[in-house]
Amino acid sequence: MAGVMRTRRTSVLVTFLGCLLLPGAYTQEDNGEYKGKYLGKLNPYHHQVSGDVWAVDQYTLLLTSFNYDGNGADTFFWAGPSNRPGPQGFIVPDEWGKTNILLRYFNKDFTLTLPDNKKITDIKWFAVYDLSSQNTFGDVYIPEEFDPPAPQKISQLSRRSHNISSESIVILDSKTISIPQFIYDGQGVDAHFWVGLGPQPSSKGQTVPDEYGYMDSLRAYNNEDITLELPGDMTVFNIDWLSVFDLKTKSNYGSVIIPDGLNVPPSLIKVIKQTQSLPNCVQMHKRYQVAWEIFGPQITIQLAGQVDEDEYMAFGLSGAEDSSRMEGADVAVAYMDGARGYATDYNITAKAPCGRVLGQYKGVCRDELLGGLDSNQLYTAVRENGINIITYRRTLISSDPGDKDFPTDKSVYVVWALGRLDKTNNEPSFHDLYPRSDVVLELGRKEPENTCIDFTESNDKFYQREPWQKAEIFDRSVRTFRATIGPSGGKRGYQGITGAPSVGLAWYIEGTLIPELYLRRGLTYSFRVHGGNNPHSAELYHPLIITDEPHGGYDTLSDLAQSKIRVLAGVELTRRGRPRPTAVGPLCLSKHNGRDRRLDDNFPSFKKFNRTLVQTCELGEAGTLVISPNSTWPDLVYYHSFTQANMGWKIHVVDSYTRNGAIAYELSLLIAIATTVFSRLL
């Protein structure tokens, strides 16, 4: 599969016309970057004004290589419908959306949006204009009957097999394609979104990451609106078709031809060029790539990920010989802590953070905690342009019996993940991104393999969603709460509501994901606990406790850390002085009903998300936790799991069971915080 595609012939003509810089032409510069429809060079009159002006869309101008010495008295970006620049115009806000007097610019590129929904077709000129002197320092004119770039509808996907269908596809900009009401049965062998050159789809092409950035074989789609971003520096101008293509059977399930000369907006997404130093490289996800080289008895591995500063990258050998399985895997967890990088050796014995289970460590644990060694040797670590690049080495055959050997004579199943670090201890929390299907690598291949693509700057609209609305239980008649366990709801659920990393599971109180509880002092409340009663389970044993700190996972903390926490309910001490949970009950667990949990972010509300879950409960009496908040309780406490952090949320302890009382309580908290901050400033 070619990593770089040749440009089709029509684009060569476009580039040639672009070199002429004809006003109104859609152009690509010499470096192949499409900027939209060219309006022309600014006519330079005064104050060293110069630059090129492009129409991005009907509302937006792009200025490139713009210069202005900043010495005008009352100078603005200015536009109007009159025949030539003059006082009968309006201010165009600067690149920050401000209408301040212009300062100095030197060789700057930026976009300007016309105010009040005005369109480029509503104006005849754009200028750098001084209101005091009524002088034009530079201007460009809009051609008559100008047609600005705009999203373009093209044909539907052809219906060849596997129930492929869609409404008319929309080219949103030069890198972004919308497929409305997309249908695919998901039964292909190894189907991908696939683009290439030529009269019809063929095996000579390149994979386009799906709407979430995955490179895996496509899932089933049922009448879904999806948006794809072409990888690297690829645009619609250097592809001839888009297909749903099976790489194993070389079958085209459905496709559409991309017309020539589309008058679409340019994509302003920045392509981040990266030089790959190792011969083998595989793109695991739009945001993540793994490279390697074997030399002698060692393997060098480089992980490159477009991650936040509090995120980790994981990669390693599967826990199974015949599939990619997290349990039993031997992985490196790589991250940056300031300027320092880490690639720590971990073993995964359960899909849970590392914790003690009956005196033994289980979960995602560092080898050193399991009696082994950290076999990874950090080589280089750097963070540039929002990308962590961490390189480490280890021997193919490790002396640590807990490590797996890297085979060079056969293929091997691997696992990978991206997720957030729990910054309290720099340990990995439950992963947000991970493979949807098996991943097989031939590490010792004779011919190098490289399917990696350039990163593009993170486009939040594809990956971020608004958190679900937080839930509250503020009802004086409710004195008994049923506490069960369920999925944390991805980035819109626990993570979005609390801002903390998730372990994948969370408390459901009265069937609602981590609601904030309002309890009145002087009243007695009872929690009926269904968090699991098998202490041998690292993943599904969650006694309920209440403490004065927001983190949770009391049993995983050191003695020193425990001594700083006030446990208000749910723990008693043994004869040896060790903490033991008291609110233990049979498990009631809500699960995804065969649905991929990575689609959790698609749900606009918890209510709709919850309808897709199926709850199963073990037999037995619920555990009971009875509390009576009194005057010694803080105004804010938290319900937690005894064994794992970041599963519960807030309990507000109030004196009055009225909304006014709650508002007064919130106000008092704000005043207290403000007073503390002010006193520190003094």
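Student: Is D210 buried or exposed?

Tutor: D210 is buried, with a relative accessible area of 4%. Here, buried means under 20% relative accessible area, exposed means over 50%, and partly exposed is in between (1.4 Å probe, protein chains only). Keep in mind that this is a predicted model, where local features need pLDDT of at least 70 and side-chain atom pairs count only at pLDDT 80 or more, while totals for chains, interfaces and linings use all residues. Residues are numbered from 1 along each chain as its sequence is written, and side-chain values use heavy atoms, with hydrogens and water left out.

Student: Which residue forms a salt bridge with D210?

Tutor: First, the general idea: side chains of opposite charge can pair when their charged atoms come close. A salt bridge is a side-chain nitrogen of Lys or Arg within 4 Å of a carboxyl oxygen of Asp or Glu. D210 pairs with R436, and their closest N and O atoms are 2.4 Å apart. D210 sits in the loop between strand 15 and strand 16, and R436 in the loop between strand 32 and strand 33, so the pair ties together parts that are 226 residues apart in sequence. Strands (E, at least two residues) are DSSP runs, numbered from the N terminus. R436 counts as buried too, at 19% relative accessibility.

Student: How many salt bridges are there by this rule?

Tutor: The count comes to 22. Take D233 and K273, whose closest N and O atoms are 3.0 Å apart. D233 counts as partly exposed at 48%, whereas K273 counts as exposed at 56%. Another pair is R287 and E311, also with 3.0 Å between the closest N and O atoms. R287 is buried at 11%, and E311 is buried at 4%. Salt bridges can share partners as well: they join E211, R219 and E224 into one network.

Student: What about the nonpolar core: how many residues has the largest one?

Tutor: In soluble globular proteins, nonpolar side chains tend to be buried together. A nonpolar core is a set of buried Ala, Val, Leu, Ile, Met, Phe, Trp, Tyr and Cys residues joined through side-chain atoms within 4.5 Å. The largest one here has 46 residues, and those with the most contacts inside it include W507, L517 and Y639. Its largest share, five residues, comes from strand 37 (residues 505-509).

Student: Which residues is Y639 in contact with?

Tutor: Contact means heavy atoms within 4.5 Å. Leaving aside neighbours within four places in sequence, the partners of Y639 include W507, I509, L544 and W649.

Key
Helices (H or I, at least four residues) and strands (E, at least two) are DSSP runs, numbered from the N terminus.
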